[in-house]
Amino acid sequence: MPVLRALDLAELRSALTEKGTPWRFAYTSMTGLTEEQRVTRLGVPLPDDFDEEQLSLQSEAAAAAAIAASGEAIGAPVSFDLRNVSGANYTTPVKDQGGCGSCVAFGTVATLEHVTRFTRGTPSLPVDLSEAQMFYCWGSAAGATCASGWLPEPALDAARDKGVTFEDYFPYTAGDQACNVNADWPNHLCKAASWQSLTNNVAAMKQYIAQYGSVTACFYVYQDFFSYGGGVYRHVSGGLAGGHCVVLVGYDDNQGCWIAKNSWGTGWGESGFFRIAYGECGIESWHNCGVPGTTLRTWLPNQLVLGLWSNEVDNNVWAYGSIRGWLKLDGIATPAGEAMLLELAAAKAKGTQVGLFENAGTVDQLYAW
């Protein structure tokens with residue numbers, strides 16, 4: 001779609017005042033850019049049959065559906081925020097996609113990171129995945145470019161079928177480039193166990209967020225969103241700029257909003273996060289996807305062995321690492337497995353750290369000092 005004339009910020013201030021200031025205007029990391037540069041930082045192509053008037057008409061009904069599917073009504077909390085679950089923050093740091101329409105990579109990868117931490121009960125687990133591999137390898141193979149953007153569904157197919165390596169194996173920089181990933185990446189990755197479409201299913205979106213930690217979502221971005229500085233966002237001024245993908249990390253039925261993490265750096269919004277009203281901008285009705293679990297294959301270094309557990313069942317021995325939590329020892333009936341158990345027991349007794357190689361919930365290898 002053509003790039004619009006930049007929004008007059010005086011016009012935005014006036015519109016916000018007229019609406020009773022539902023959210024705060026701010027000079028953000030996006031307002032200093034040209035309109036073309038701002039649009040480049042989106043990245044979800046609009047559907048061929050997109051009807052903006054129809055979207056506006058559906059907004060009120062979508063908001064009502066979200067309110068009706070309250071946490072209380074569906075057996076979920078009335079509010080949930082992954083940044084504060086019993087005092088623990090399970091989110092990973094806000095990133096900046098820069099001048100590339102790679103938001104889908106950031107929205108889906110953040111979902112994998114959050115689900116990995118939350119479902120294991122490990123808020124400090126070092127899981128920083130590679131948006132570069134997601135976009136410049138898996139996205140590029142599917143025809144995605146910085147100019148065209150991509151969609152969450154094929155991205156999550158790739159996360160399920162191939163996996164995503166960690167950031168240190170392919171660090172992200174903005175701009176179309178070759179798939180220059182470390183050749184050892186199959187030994188250093190995260191996979192989605194599966195994924196589920198949640199589009200137009202608000203109850204399932206809330207249940208997934210409360211149970212697994214996050215949901216990937218897309219929405220239609222209007223020009224005023226670039227100047228969002230806080231509060232519950234509702235479109236008040238400006239034209240449609242394009243489509244965008246983010247990760248939902250919570251919701252609040254009392255405020256009537258979703259809580260999301262964006263990929264425009266911490267100089268935008270509420271330190272990189274934002275709240276958006278139920279039913280607003282198609283947030284519940286366009287490419288909403290949930291991931292009910294992940295598997296890891298990677299080294300987990302510098303852990304204290306806090307516990308060992310077994311029972312009368314053969315090959316049922318578990319170790320509790322200070323960062324990772326419970327992992328099953330693979331092949332414990334073999335001499336190698338028994339040697340691993342002895343090393344872990346010795347490390348526990350001495351209070352020394354170990355490194356564990358996790359392969360889908362089991363320990364395949366370890367090193368101890």
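The model is predicted, so local features need pLDDT of at least 70 and side-chain atom pairs count only at pLDDT 80 or more, while totals for chains, interfaces and linings use all residues. Residues are numbered from 1 along each chain as its sequence is written, and side-chain values use heavy atoms, with hydrogens and water left out.

Let's start with the cysteines. How many disulfides does the structure hold? There are two, where a disulfide is a pair of cysteine sulfur atoms within 2.5 Å. As a reminder, a disulfide is a covalent bond between the sulfur atoms of two cysteines.

One of them joins Cys100 to Cys146, with an S to S distance of 2.1 Å. Cys100 sits in the loop between β2 (79-81) and α5, and Cys146 in the loop between α6 (131-141) and α7, so this pair links distant parts of the chain, 46 residues apart. When I say helix or strand, I mean DSSP runs numbered from the N terminus: H or I of at least four residues for helices, E of at least two for strands. The torsion about the S-S bond of Cys100 and Cys146 is about -90 degrees, which makes the disulfide left-handed. Cys100 is buried at 0% relative accessibility, and Cys146 is buried too, at 11%. Buried here means under 20% relative accessible area, exposed means over 50%, and partly exposed is in between, using a 1.4 Å probe and protein chains only.

The other disulfide is formed by Cys137 and Cys179, with their sulfur atoms 1.9 Å apart. Its S-S torsion is about 95 degrees, so this disulfide is right-handed. Cys137 lies in helix α6 and Cys179 in the loop between β3 (164-165) and β4 (189-192), so the pair ties together parts that are 42 residues apart in sequence. Is each end buried or partly exposed? Cys137 is buried, at 5%, whereas Cys179 is partly exposed, at 41%. Counting bonded cysteines along the chain, the pattern is 1-3, 2-4.

On to the helices. The axes of α5 (residues 103-120) and α7 (residues 152-161) come within 10 Å and cross at roughly 45 degrees. Axes are lines fitted to C-alpha atoms, for helices over the stretch in contact, with angles from 0 to 180 degrees between N-to-C directions. Who makes the contact, meaning heavy atoms within 4.5 Å? From α5 we have Val104, Thr108 and Leu112, and from α7 Pro152, Ala155, Leu156 and Ala159.

Last stop, helix α8 (residues 202-212). Nine of its 11 residues are buried, so α8 is largely enclosed by the rest of the structure. Among those buried residues are Lys206, Tyr208 and Tyr212.

How values were computed
Contact means heavy atoms within 4.5 Å.
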